[in-house]
Amino acid sequence: MGAYESLTLMFQREVAERLVATPRSPAYGRLSVIVQWLAEPKILFDLPPRAFVPPPKVTSSVVSLVPRPMPLMPANKAALERVTAAAFGQRRKMLRASLRTLGIAPEPLLEAAGVKPTARAEELSVAEFCALARALEVVA
(Lines give C-alpha, C1' and ligand atoms only; values in the text may rest on other atoms or scores of the structure.)
Protein backbone atom coordinates (compact mmCIF):
# COMPACT_ATOMS: atom_id res chain seq x y z
CA MET A 1 0.00 0.00 0.00
CA GLY A 2 1.24 3.49 -0.79
CA ALA A 3 1.48 6.52 1.46
CA TYR A 4 -2.29 7.08 1.24
CA GLU A 5 -5.44 5.13 0.33
CA SER A 6 -7.12 7.98 -1.51
CA LEU A 7 -7.22 11.74 -1.92
CA THR A 8 -10.35 13.85 -2.15
CA LEU A 9 -9.50 17.25 -3.57
CA MET A 10 -11.30 20.24 -5.00
CA PHE A 11 -10.28 21.80 -8.30
CA GLN A 12 -11.62 24.29 -10.76
CA ARG A 13 -14.01 22.31 -12.99
CA GLU A 14 -11.72 22.64 -16.05
CA VAL A 15 -8.79 21.11 -14.15
CA ALA A 16 -10.97 18.26 -12.87
CA GLU A 17 -12.05 17.57 -16.44
CA ARG A 18 -8.38 17.33 -17.47
CA LEU A 19 -7.71 14.76 -14.74
CA VAL A 20 -10.42 12.39 -16.02
CA ALA A 21 -10.25 13.20 -19.76
CA THR A 22 -10.10 10.39 -22.28
CA PRO A 23 -8.19 10.28 -25.58
CA ARG A 24 -9.71 12.37 -28.39
CA SER A 25 -11.40 14.75 -25.95
CA PRO A 26 -10.39 18.44 -25.87
CA ALA A 27 -9.32 18.28 -22.21
CA TYR A 28 -6.97 15.29 -22.71
CA GLY A 29 -3.31 16.17 -22.18
CA ARG A 30 -0.13 15.57 -20.18
CA LEU A 31 -1.94 15.92 -16.87
CA SER A 32 -4.53 13.30 -17.92
CA VAL A 33 -1.85 10.81 -18.93
CA ILE A 34 0.34 11.15 -15.82
CA VAL A 35 -2.55 11.17 -13.33
CA GLN A 36 -4.31 8.21 -14.94
CA TRP A 37 -1.03 6.30 -15.12
CA LEU A 38 -0.63 6.57 -11.33
CA ALA A 39 -4.21 6.82 -10.02
CA GLU A 40 -7.87 6.36 -10.79
CA PRO A 41 -9.43 9.84 -10.88
CA LYS A 42 -13.19 10.35 -10.58
CA ILE A 43 -15.24 13.55 -10.41
CA LEU A 44 -17.58 13.10 -7.44
CA PHE A 45 -19.66 16.29 -7.67
CA ASP A 46 -19.61 19.96 -8.60
CA LEU A 47 -19.96 22.99 -6.38
CA PRO A 48 -21.48 26.13 -7.90
CA PRO A 49 -19.89 29.55 -7.34
CA ARG A 50 -22.72 30.51 -4.94
CA ALA A 51 -21.44 27.86 -2.48
CA PHE A 52 -18.52 30.18 -1.61
CA VAL A 53 -18.20 33.65 -0.11
CA PRO A 54 -17.22 35.60 -2.05
CA PRO A 55 -18.39 33.54 -5.05
CA PRO A 56 -15.65 32.81 -7.60
CA LYS A 57 -16.31 33.12 -11.31
CA VAL A 58 -15.89 29.36 -11.84
CA THR A 59 -17.54 26.07 -10.89
CA SER A 60 -15.52 23.79 -8.61
CA SER A 61 -15.40 19.98 -8.70
CA VAL A 62 -14.56 17.52 -5.96
CA VAL A 63 -12.35 14.73 -7.29
CA SER A 64 -11.37 11.39 -5.81
CA LEU A 65 -7.88 10.11 -6.63
CA VAL A 66 -7.26 6.48 -5.71
CA PRO A 67 -3.63 5.46 -6.27
CA ARG A 68 -3.08 2.34 -8.32
CA PRO A 69 -1.16 -0.43 -6.52
CA MET A 70 1.19 -0.35 -9.53
CA PRO A 71 1.26 2.18 -12.38
CA LEU A 72 -1.23 1.35 -15.15
CA MET A 73 1.58 0.12 -17.42
CA PRO A 74 5.34 -0.24 -16.88
CA ALA A 75 7.21 2.97 -17.72
CA ASN A 76 9.98 5.15 -16.36
CA LYS A 77 8.41 8.35 -14.99
CA ALA A 78 11.10 10.65 -16.39
CA ALA A 79 10.81 9.06 -19.85
CA LEU A 80 7.01 9.30 -19.72
CA GLU A 81 7.23 12.97 -18.78
CA ARG A 82 9.66 13.64 -21.67
CA VAL A 83 7.47 11.87 -24.20
CA THR A 84 4.25 13.56 -23.08
CA ALA A 85 5.94 16.98 -22.98
CA ALA A 86 7.20 16.55 -26.55
CA ALA A 87 3.94 15.09 -27.85
CA PHE A 88 1.59 17.62 -26.27
CA GLY A 89 4.02 20.52 -26.75
CA GLN A 90 2.95 20.56 -30.39
CA ARG A 91 -0.49 19.08 -29.90
CA ARG A 92 -1.88 19.58 -33.41
CA LYS A 93 1.13 18.05 -35.16
CA MET A 94 1.56 14.41 -36.01
CA LEU A 95 3.81 12.54 -33.59
CA ARG A 96 6.49 12.06 -36.24
CA ALA A 97 6.93 15.86 -36.13
CA SER A 98 6.27 16.65 -32.46
CA LEU A 99 8.60 13.94 -31.11
CA ARG A 100 11.58 15.42 -33.00
CA THR A 101 12.05 17.71 -29.98
CA LEU A 102 13.33 14.65 -28.09
CA GLY A 103 16.54 14.95 -30.09
CA ILE A 104 16.25 11.55 -31.75
CA ALA A 105 14.67 10.32 -34.96
CA PRO A 106 11.02 9.67 -34.05
CA GLU A 107 10.38 6.91 -36.60
CA PRO A 108 12.32 4.12 -34.78
CA LEU A 109 10.73 5.22 -31.49
CA LEU A 110 7.21 5.10 -32.94
CA GLU A 111 7.87 1.77 -34.64
CA ALA A 112 9.27 0.23 -31.43
CA ALA A 113 6.16 1.37 -29.54
CA GLY A 114 3.75 0.21 -32.25
CA VAL A 115 2.34 3.72 -32.74
CA LYS A 116 1.43 5.13 -36.13
CA PRO A 117 3.67 8.09 -37.12
CA THR A 118 0.58 9.95 -38.36
CA ALA A 119 -1.14 9.77 -34.96
CA ARG A 120 -1.53 12.91 -32.86
CA ALA A 121 -0.89 13.16 -29.12
CA GLU A 122 -4.56 13.50 -28.20
CA GLU A 123 -5.32 10.16 -29.91
CA LEU A 124 -2.98 7.98 -27.84
CA SER A 125 -4.05 6.04 -24.77
CA VAL A 126 -2.08 6.07 -21.52
CA ALA A 127 -0.82 2.58 -22.41
CA GLU A 128 0.49 3.84 -25.77
CA PHE A 129 2.33 6.71 -24.06
CA CYS A 130 3.88 4.17 -21.69
CA ALA A 131 5.00 2.11 -24.70
CA LEU A 132 6.60 5.24 -26.16
CA ALA A 133 8.37 5.92 -22.85
CA ARG A 134 9.74 2.36 -22.74
CA ALA A 135 10.84 2.62 -26.37
CA LEU A 136 12.56 5.95 -25.63
CA GLU A 137 14.75 4.26 -23.05
CA VAL A 138 15.80 1.61 -25.58
CA VAL A 139 16.20 3.86 -28.66
CA ALA A 140 17.78 6.89 -27.00
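A residue is classed as buried when its relative accessible area is under 20%. In this predicted model, serine 61 has a relative accessibility of 0% and therefore counts as buried. Serine 61 sits in strand E3, which spans residues 60-67.

Arginine 13 is 48 residues away along the chain, yet its C-alpha atom is separated from that of serine 61 by 5.1 Å. The two side chains also form a polar contact, at 3.3 Å. A second polar contact, at 2.6 Å, joins the side chain of serine 61 to that of aspartate 46. Leaving aside residues up to four places away in sequence, serine 61 touches Leu9, Met10, Phe11, Arg13, Ala16, Ile43, Phe45 and Asp46.

Nonpolar packing was examined next. In soluble globular proteins, nonpolar side chains tend to be buried together. The largest nonpolar core here holds 30 residues. Leu80, Leu95, Leu99, Val115, Phe129 and Leu132 touch the most other members. At least two residues of this core come from each of helices H2 (30-38), H3 (77-89), H5 (106-113) and H6 (126-139). H6 provides the largest share, eight residues.

Leucine 80 illustrates the contacts. Residues up to four places away in sequence are again not counted. Leucine 80 then touches Val33, Ile34, Trp37, Phe129, Cys130 and Ala133. Another core lies apart from the largest one and contains five residues, among them Ala16, Val35, Val63 and Leu65. Of these, Ala16 is also one of the residues touched by serine 61.

Definitions and conventions:
Residues are numbered from 1 along each chain as its sequence is written. This is a predicted model: local features need pLDDT of at least 70, side-chain atom pairs count only at pLDDT 80 or more; totals for chains, interfaces and linings use all residues. Side-chain values use heavy atoms; hydrogens and water are left out. Helices (H or I, at least four residues) and strands (E, at least two) are DSSP runs, numbered from the N terminus. Buried means under 20% relative accessible area, exposed over 50%, partly exposed in between (1.4 Å probe, protein chains only). Contact means heavy atoms within 4.5 Å. A polar contact is a pair of N or O atoms within 3.5 Å; within protein, one must be able to donate a hydrogen and the other to accept it, and residues adjacent in sequence count only if both atoms are side-chain atoms. A nonpolar core is a set of buried Ala, Val, Leu, Ile, Met, Phe, Trp, Tyr and Cys residues joined through side-chain atoms within 4.5 Å.
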